[in-house]
Every structure is written in structure tokens, then in C-alpha cells.
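Student: Let's go through the charged pairs in this one. Can you take me through them one by one?

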Amino acid sequence: MHILKRFKFTPWSLVITVTAFLILCKLGFWQLERAEQKRILLEQTNGVVLSQQNLLNSITLGDVSELNNKEVTLELTLDNRSIWLIDNKIYQGQAGYDVVVPALVGSSVTHTNNDSFVGKSDGFVSNSSVNNGNAYVFVNLGWWKAPATRAELPEVLLPEKVNVTGLLKTTDLEQFTLSDKTGEYSFPQRVQSVNAILEFHKNKTPSTSPVFLYASSNTINQHPQLYKPVVMPPEKHVAYAVQWFLLAVAAVIVFLFASLRSGSSKTKRNNNEV
């Protein structure tokens, strides 16, 4: 009891301290949850490589979300007349673009000069095409350096057929962006994010599901792949969690120290008055 008498605090200071303590602890536990999510994601990406037939079988089942973050090797026929250039990609201090094209998985297809995969499958998986042993996906082929001026676009020369090993992404595709062009396009087309690609092809075939394949680096003429499924490792989230918990403890210590000083000061004033 004697020790408790040395502390004096107002109800508001107690409420503020408790609120700060709870918020900081909540942030710490949130970082621990994020660390666990990243560990699970890394386990998924370090799994067994899917075969092309595994991919087609999974698409046939209709749940492409199960393909997310799986590694796969595919034989692709690229539609090099429907090239998307995703802007504002920086590599080693240089500006450039991610190159994305629709691609056919499985049996090859013959098309005329006026034909394109975009008009047929819109770069999305189609159940009817899967039944024929084919599937249409988008493939991100990596980073291309931007020309000296914005008026120019990089020259993207692609083979018609290519074997690609990379990571699949089928969930959380949309990205935050302030604005992007919508409507009609001429190719190659520069866009700010995959949102415009998704929107363009959604308007064409709203019943299909998007599947993106991020090709490994150097798949096409030594062009690097910038995509990483995990940007911040679990260890960094744990470090942030420790910081939040330490701040919560610090808030309590500051409160106790301030309350102790307040009580001691009043005791001294009372002694002086006597």
C-alpha cells in the first residue's frame, strides 16, 4: 500500500495509456500473423513443380485459386501481336516495362493475319478450350528497358513458341493505381497496371478466370523477372512485431514514471507547506 501511494494519475492518463498499449499490442500480433502468412506462402512456392498436364487438369476442375504460387513448366504459343507493356518498372535504377502477352498452353493453334488470341480467348482460361486440350493464359516475360523518350516504346521481339518455367498467380491480381486508360487499344499497349488488362478482357468474356504466369528471369534474351511472391520475408515481420511490443512496454513505463513523479512532487510540496 505504501508503494501504491507513491503513484498518482488522472483517469484520462490511464485511459490514454491503456488504449495506446492495446493498439501497439494489436499491431504486434498483426505483424506476427503476417509473418505466418509469408511462411505459408514461401512453403507453397518451394513445392513440387507442376507439369503442364497438372495445370490443365486443375483448370478443368474450375478452381484456379489452387494454382496460386505454384511453379510450372509450360509449352506456350505466344500471341506477339497483343503485347501489353506495364509501365513504371525500375530495374537497377533504370526505367522500363513488364511485358505481358496472351499465350496458348497445349496444342498449337493456327491464326490468320487478322486473327489474334485476344479475340478468341481474351487471355483467360476457357472451359471449352480446356476440353480441347488447350488453355489460354497471360504470361509475364520480364523486364524490358524503356527507350530514351516517352514517345517511343521498346521493341519487343518474341518467338512464336517458347518453353517457360515460372510462378503462377491467380489471386489478388488487381493493384492500386490512380488511373488507367480504358476502352479501345492498339498494340503494343502501354498501361499502368494489370488492372487495365483485366478490365479489357473482362469486358470481352466475363465468365472466364484469369491466370498469370511469371516467367523466370532470362526466359527471353536475358530479360530479368522483377516479380517476387514475397517482398518482405517473415523475419522482417517478426522484427516489426518486436518493435511494436517494445513500444507498448515503453508506453506503460512512461505512464508509471510520470505518475511516480507527480506523486513525489505533491509530497514535497506538502512537506514544504508544513
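Student: Which residue forms a salt bridge with E36?

Tutor: Bear in mind that this is a predicted model, where local features need pLDDT of at least 70, side-chain atom pairs count only at pLDDT 80 or more, and totals for chains, interfaces and linings use all residues. Residues are numbered from 1 along each chain as its sequence is written, and side-chain values use heavy atoms, with hydrogens and water left out. A salt bridge here means a side-chain nitrogen of Lys or Arg within 4 Å of a carboxyl oxygen of Asp or Glu. With closest N and O atoms 3.4 Å apart, the partner of E36 is R39.

Student: Which helix do E36 and R39 both lie in?

Tutor: Helices are DSSP runs of H or I with at least four residues, strands are runs of E with at least two, and both are numbered from the N terminus. The two residues sit three apart, about one turn, and their element is helix 1 (residues 11-45).

Student: How many residues apart are R150 and D87?

Tutor: Their closest N and O atoms are 2.8 Å apart, in a salt bridge. R150 is in the loop between strand 4 (134-145) and strand 5 (161-169), while D87 is in strand 2 (residues 84-91), and this pair links distant parts of the chain: the separation is 63 residues.
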